[in-house]
Structures are given as C-alpha cells and as structure tokens.
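User: Please take a close look at one part of this model. Then set that part against the rest of the chain.

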Amino acid sequence: MERQTPKPVHQLLPILALAGVALAAWAAWLGWDQEYDVHSDGSTTGPYEAWQVIGLVLTLLAPVYWAASRRYFVGAVLGTTAGLTVAAFYDWSDDSSGLFIIGVGMIMFGSLGVTAAVCAVTAAVKREGPSTVATQ
C-alpha cells in the first residue's frame, strides 16, 4: 500500500495556526507591559515579571502538545518559533542600541529547542501508549 503525503495546505495550516496562537499569547502575556520598574536603590527590573513569562510558556504548552500529539511536529515547532520570534522582533524593535536582535535570536533558538523537546517527549509518550490494565 502506498503512503500518501499530506497536501501542502494541510502542512501549512498547523504552522500558521500555531504562529497565530504564539503571537496572541505574547500579546496577552507580555505585549501590554512595557515599563521598567525603578526601585528605591536606583536599580531597574523588567519590563516583564516572572509570572508573565511562566504564563506564556504554560499557555503555549497546550497547543504545542495538541499539535505534536496529532503528529504535526513541523507545525508545532516552526509555527510556535515563528510566532514568538515575530512577536519579540515587533515588541523590541524600537530599541535604539540594536541589541534587541540578540534577544530576538535567543527567543528564536530557545523556542525552537524547547518546542522540539516537547514534541520529542510527546511522540515518545504517544508511542508507548496507555498502560494496559489486566482484565479479569
């Protein structure tokens, strides 16, 4: 029996969908917070708090798992990476020093690695299947 390859549209839709989800998640969690916090000792932190970044990661975990569990590995990895990279570039591109591109690169390579790892773990767990229960 000959194995059929998916049509290009079926390969492109998960990539676009995950990119859109990643863009929306960035806007919801990080896009609204642009101010640095100045402390009484003169130090600054921000603009993002740890809970915002954790929320973004946990929000993206669900769609990446969903796509990977349906064997849309390329869509899960490339879509999420593209969405986060574009969002970071847009959000940080007003930096006059030009160093924002280093941060964008870190977002790109970090999200590429993490989503690939999540897909690998998901594939391994799905391959194992549910544990069998002895029937009586």
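Analyst: Asp91 is buried but has no salt bridge. Its nearest side chain of opposite charge is Arg70, 30 Å away. Buried means under 20% relative accessible area, exposed means over 50%, and partly exposed lies in between (1.4 Å probe, protein chains only). A salt bridge needs a side-chain nitrogen of Lys or Arg within 4 Å of a carboxyl oxygen of Asp or Glu. For charge, Lys and Arg count as positive and Asp and Glu as negative, while His and the chain ends are left out.

The model is predicted: local features need pLDDT of at least 70, side-chain atom pairs count only at pLDDT 80 or more, and totals for chains, interfaces and linings use all residues. Residues are numbered from 1 along each chain as its sequence is written, and side-chain values use heavy atoms, without hydrogens or water.

Back to Asp91. It sits in helix H3, which covers residues 73–92. Helices (H or I, at least four residues) and strands (E, at least two) are DSSP runs, numbered from the N terminus. Beyond four places in sequence, Asp91 touches Trp26, Leu30, Gln34 and Tyr48. Contact here means heavy atoms within 4.5 Å.

Now take the partner. Tyr48 lies in the loop between strand E2 (44–45) and helix H2 (50–69). Tyr48 counts as buried because its relative accessibility is 19%. Its side chain also makes a polar contact of 3.0 Å with the side chain of Trp92. So which residues does Tyr48 touch, not counting those up to four places away in sequence? They are Trp26, Leu30, Asp33, Val53, Asp91 and Trp92. Leu30 is 18 residues from Tyr48 in sequence, yet their C-alpha atoms are 6.7 Å apart.

Next, the rest of H3. Thr80 is found in this helix. It counts as buried because its relative accessibility is 2%. Leaving aside neighbours within four places, Thr80 contacts Leu18, Ala19, Ala22, Leu60, Val64, Gly75 and Thr115.

Areas come from the Shrake-Rupley method with a 1.4 Å probe; for residues, only the protein chains shown count as cover. H3 and helix H4 (100–128) each give two or more residues to the patch. H4 gives the largest share, three residues.

Leu112 belongs to H4. It is partly exposed because its relative accessible area is 31%. Ala117 is also in H4. Ala117 counts as partly exposed because its relative accessible area is 40%. Ala117 and Val77 are 40 residues apart along the chain, with 9.3 Å between their C-alpha atoms.

Arg71 has a positive phi of about 65° although it is not a glycine. It is exposed because its relative accessible area is 62%.

Finally, the whole chain. It holds four helices and two strands, in the order α-β-β-α-α-α from the N terminus. Of its 136 residues, 30% are buried. Among contacts with a separation of 6 or more, 63% join residues 24 or more positions apart. The chain exposes about 9,500 Å², and carbon and sulfur atoms supply 67% of that area.

Methods. Polar contact = N/O pair within 3.5 Å; in protein donor to acceptor, adjacent residues only side chain to side chain.
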